[in-house]
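Keep the sequence and the model side by side while reading.

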2 protein chains.
Amino acid sequence: MDKFMQAAIDEARLGRSQGGIPIGSVLVRAGKLVARGHNKRVQENSAIKHGEMDCLTNAGRQATYRDTVIYSTLMPCYMCAGTIVQFKIPKVVVGESRTFDGAREFMESHGVEVVDLDLQECVDMMNEFINAEPALWNEDIMEE
Amino acid sequence: MDKFMQAAIDEARLGRSQGGIPIGSVLVRAGKLVARGHNKRVQENSAIKHGEMDCLTNAGRQATYRDTVIYSTLMPCYMCAGTIVQFKIPKVVVGESRTFDGAREFMESHGVEVVDLDLQECVDMMNEFINAEPALWNEDIMEE
């Protein structure tokens with residue numbers, strides 16, 4: 001397993017253990033972890049704290065993101081994809097896109113490289129959550 | 001002046017008075033203000049706390065946004081526009097887009113109604129800030 005994706009999965013599992021939504025993310029520069037985070041909709045009562053947004057919050061103010069890679073256990077939604085485009089993060093590595101297909105084409109149309117590892121571990125983690133907490137999941141992706 | 005845009009401008013001026021970036025936003029439902037916020041990059045050391053994102057943070061967890069309008073003193077960037085699309089906010093009212101043209105076409109391509117009030121007061125507020133703090137402004141829109 002890629003060690004950065006493992007760190008994102010660890011974040012996702014930490015979030016689930018807190019009663020939250022199991023999606024984790026890490027930001028990497030030059031082979032080193034810059035920041036990590038996980039979805040905190042439940043924990044912080046925040047609609048914008050998807051895993052990627054929490055990770056970028058924890059990264060603070062970076063002078064540039066052009067030399068970074070962001071990892072997420074799940075394909076980014078339009079909020080997180082728009083953030084990646086605006087921040088000029090050139091590459092995204094995702095754990096899977098089977099449970100949520102997100103905004104891959106939008107990112108690619110703006111020149112972002114998207115790598116989908118299609119990991120069964122990430123699919124299983126999301127399916128366990130979606131089956132256990134369908135209302136919470138639909139709230140998170142605004143499928144009301 | 002539209003009272004909701006006035007509230008967004010008040011938020012922007014509050015942010016500037018704190019040493020921050022003067023962009024404010026409010027969320028409205030059925031003619032009532034749901035939440036308000038302003039850019040907090042400086043105040044919270046956060047790259048994701050644009051005015052719209054702070055307003056949506058302050059709104060907490062809403063069951064739906066389909067019956068809301070978001071106001072911003074400035075045309076939303078891709079992060080905020082992606083959030084508006086993901087959250088299914090149907091209408092955005094902006095103070096101006098002359099100092100930053102943002103992601104209007106992206107929002108419109110996803111069915112969001114965008115109303116640009118083109119207010120000289122908002123243009124003047126941004127120009128004063130951009131001239132006083134060009135490095136901070138370029139950091140906020142990732143024009144490094």
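A polar contact is a pair of N or O atoms within 3.5 Å; within protein, one must be able to donate a hydrogen and the other to accept it, and residues adjacent in sequence count only if both atoms are side-chain atoms. The side chains of Lys49(B) and Asp54(B) make such a contact, at 3.1 Å.

This is a predicted model: local features need pLDDT of at least 70, side-chain atom pairs count only at pLDDT 80 or more, and totals for chains, interfaces and linings use all residues. Residues are numbered from 1 along each chain as its sequence is written, chains are lettered from A and ligands numbered from 1 in the order in which they are written, and side-chain values use heavy atoms, with hydrogens and water left out.

**Strands and crossover**

- Helices (H or I, at least four residues) and strands (E, at least two) are DSSP runs, numbered from the N terminus.
- Two strands pair if DSSP finds at least two bridges between them.
- In chain A, strand E1 (residues 24-29) runs antiparallel to strand E2 (residues 32-38), joined by 6 bridges.
- Gly24(A) has His38(A) in E2(A) as its bridge partner.
- E1(A) and E2(A) form a hairpin with 2 residues between them, and Ala30(A) in the turn has a positive phi of about 50 degrees.
- In chain B, strands E4 (residues 91-94) and E5 (residues 113-116) pair in the parallel sense over 4 bridges.
- The path from E4(B) to E5(B) goes through helix H5 (residues 104-109) of chain B, a right-handed β-α-β crossover (with the strands pointing away from the viewer, the path from the first strand over the helix to the second runs clockwise).

- Buried means under 20% relative accessible area, exposed over 50%, and partly exposed in between (1.4 Å probe, protein chains only).
- Lys49(B) sits in the loop between helix H2 (41-44) and H3 of chain B.
- Lys49(B) counts as buried because its relative accessibility is 10%.
- Contact means heavy atoms within 4.5 Å.
- Beyond its neighbours within four places in sequence, Lys49(B) contacts residues including His38(B), Glu44(B) and Thr57(B).
- Glu52(B) lies in helix H3 (residues 51-58) of chain B.
- Glu52(B) is buried but has no salt bridge; Arg41(B), the nearest side chain of opposite charge, is 11 Å away.
- For charge, Lys and Arg count as positive and Asp and Glu as negative; His and the chain ends are not counted.
- The side chain of Glu52(B) does make a polar contact of 3.1 Å with that of Ser72(B).

**Salt bridges**

- A salt bridge is a side-chain nitrogen of Lys or Arg within 4 Å of a carboxyl oxygen of Asp or Glu.
- The count over all chains is 26.
- One of them joins Glu121(A) and Arg13(A) at 3.1 Å, N to O.
- Glu121(A) is in helix H6 (residues 120-132) of chain A and Arg13(A) in helix H1 (residues 3-17) of chain A, so the pair ties together parts 108 residues apart in sequence.
- Arg61(A) and Glu139(B) form a salt bridge of 2.7 Å, N to O.
- This pair crosses between chains, from the loop between helix H3 (51-58) and strand E3 (68-72) of chain A to helix H7 (residues 134-140) of chain B.
- Glu139(A) and Arg61(B) also meet in a salt bridge, at 2.7 Å, N to O.
- That pair too crosses between chains.
- Lys40(A), Glu44(A), Lys49(A) and Asp54(A) are linked in a network of salt bridges.
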